[in-house]
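Work through the exercises below with the sequence and the 3D view open. Try each task before reading its solution.

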Amino acid sequence: MSGKKALLSSVLVLLVVLSFGALASAEPVKIRFVSLAWQEQSIAANYEIVDEWNRLNPDIQVEYIPGSWDSIHDYMVTSFETGDVPDIFHYEAALIGDFARRGYLADLRPYIDDELWEDTFEGAWATVAGDNGEIWGMPFIWESLIILYNKDILEEAGIELPTTENPWTWDDIRSVAKELTVDFDGDGEIDQWGAAIPLRAPVNRILNLTLGFGGGYFVEEDGRYTVRVGEAEKGLLSVIMDMIYEDKSAYPGAVGLSGTAVLPAFYEGDYALLPGIGVWARQQIMQNAPEDFRWGVLPPVKGQTQLQGANPQTLSIPKASKHQAEAMEFIKFFVAKENVTKLALGDWMYPTRKSALAMPEFQTEEAGWKVSSETVQFLTVGPWHGVPGFPEWKDRVATPVMQELFANQITIEEAAQRMESEGNRILQRYR
Amino acid sequence: MKQRSVLGQLGLVLPFLVPVFLLSVIPLVSGIYLGFTDYQFGWDPKFNGLDNYIYMLGDSYFWSSFRIGFIWTFGVTAGQILFGLGLALLLNAKLRFQWLARVLILVPWAMPPIIRGLMWNMVLLPDTSGPLNYLLTQLGIISQPINWLNNFSWALPTIILVGIWGGLPQSSVVLLAGLQSIPKELYEAAGLDGAGVWAQFRHVTLPGLRQVIVAIVSLRFMWNFNAFGLVYALTQGGPGGRTRLPMLFAYEEGFRYGNAGYAAALGNVMVLVVSALLIIYLRRQFAEEGGM
């Protein structure tokens, strides 16, 4: 009796499973897309693009999954290890190299046609390229570090502004900042600082700017990487330290502030210049600054060159995804000229596509777009991209050491020595 | 007949044993094993003996995280017991609105650690929009708002206070139960002998609570040493690693940097250290008791 019953029920279960299987194969392909968009405009742009794709492609339906920058790394590591992966995920060039090294990512190069290849900036491709020409992610938007300035203060002081052809060097910045640091009422406290350099999370900013000094923090020898903090690297560190502690022309409180946190006092006229701030900051100014606040964008500072490290936002496809070709179709749609324009405007960054950057939206004088967009020519890949163990070096060593340095608790020599010795110990563990 | 009953018993136990084996024993054993391999995510684990532990000995981040872990564990456990005892005594006294106080004291217990963390994140906001900074600046206790969770010297004390707060209900409820089990006659007798309030507390209450205190100290010690959610939500181990407890350190190694073998080794060491300390503590307690 009971044996018969069991047989019957297992046949039933089997039937149910089979019929679901049959249904599934008749259903459209499902693509899961984890996005990290967080600014309102940019989320709207993402939804618009996904909705339109789903309308145009009934066979390939994209599911939009909102993720967060704080947890994406842990989330993806767990996904890769369990094999339950989204088909597309949004991240940044500097960190997908680590995933690629572990064999988690699909090579997108075979899917990329000539048109897309030619129309994307070489500097952007370089940030996602593997050793053998693989492409580990589609770079779609990126940013540069610019100088923001208070128009009223600089005009009043009669300072001659730099141009793209004739940019300021760090020495120029130093002397201008000194000139613009004023104690109006003579009470011994400075009322207007020449500059403010937000350094709460200093590593990305310092690394990206160091390229202009000819430095790069990492050198490769025989396939092994070592940390090297030489004269070029120390050059930038000492300019900043001198401005804060020797000239006293850069606001020392900014050492503990983030890029967003220095802005309110900038609107108040407390700082004349914000050197080395991300282009996205313009969005905050447009949204939050008082109506009568007059400001502008200056071209990036020149060390030896104006080169800057770039770290585009990317879309990648896990190797474990069962629908790589379909996922790539969606990515191509996502980075089509009109769409990537929408996305870049939503985040106040630049599209990585040449044709999109040429659109009038990015070439207008308004909100400093033109000067900003011209900086794209200086964006290039930093030598730290793809260095095994770079994320650990950045969090564990470079961040606290630079924070202590800029808080004037250790010397540049000590900082350099610690970043090298502690860093190289960490790098040795990685293969 | 006999065989059948053994089988029958097995049949009863099996449904429990299978999940225990699948969900506890296998992960535990494989976790211990991974601690002796060079496992990095993306590659196959290879047995490497004591290499992880040798690296650990020279790993300054490991030492600093354990140092922070001990400051945190001792601070939080001591605070939970001391304040818990104080609260329990108050709740045990015949005061008005006692019922309300007893309910309110349970509130933190009802919140998961992550929610506690999010809530305190808002309380501790770095500018005067944070209630704590607002209150303290209004009262003139501090002149500038303090960035509690991001200041190198304030971060650890701050999370210790929040940690104490989160564990208070449990310790005070357990201690309250202990208090209520002390016979009233003992206090009367002590009173007749001329013992004041303090002497009664020292000679009646404390000895009466002794076993409860030993139990709650051991439990809280283990839980606090292994704390994760609250601190993860508050500081993620920052600033500059000043609040990187051992558990966070192991989590970072595993999930952020993909060094699963090393993370498992850290887990093994944590289990060893906690067990060793507990054994020493419990032994001493029982030895003293035997001597009494």
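**Exercise 1: the faces of a helix**

Task: find which residues of α10(A) are exposed and which are buried.

Solution. The model is predicted: local features need pLDDT of at least 70, side-chain atom pairs count only at pLDDT 80 or more, and totals for chains, interfaces and linings use all residues. Residues are numbered from 1 along each chain as its sequence is written, and chains are lettered from A and ligands numbered from 1 in the order in which they are written.

Step 1. Apply the cut-offs: with C-beta atoms placed from the backbone, a residue is buried if 20 or more other C-beta atoms lie within 10 Å of its own, exposed if 12 or fewer, and partly exposed in between. Helices (H or I, at least four residues) and strands (E, at least two) are DSSP runs, numbered from the N terminus.

Step 2. The buried residues of α10(A) are Glu233(A), Leu236(A), Leu237(A), Val239(A), Ile240(A), Met243(A) and Ile244(A).

Step 3. Down the helix axis, these buried residues fall within an arc of 150° (taken from the directions from the axis to the C-beta atoms), so they line one face of α10(A).

**Exercise 2: a positive phi**

Task: state where Lys248(A) lies and whether it is buried, exposed or partly exposed.

Solution. Step 1. Lys248(A) sits in the loop between α10 and α11 (263–267) of chain A.

Step 1. Its phi is positive, about 55°, although Lys248(A) is not a glycine.

Step 2. Lys248(A) counts as partly exposed because it has 16 C-beta neighbours inside 10 Å.
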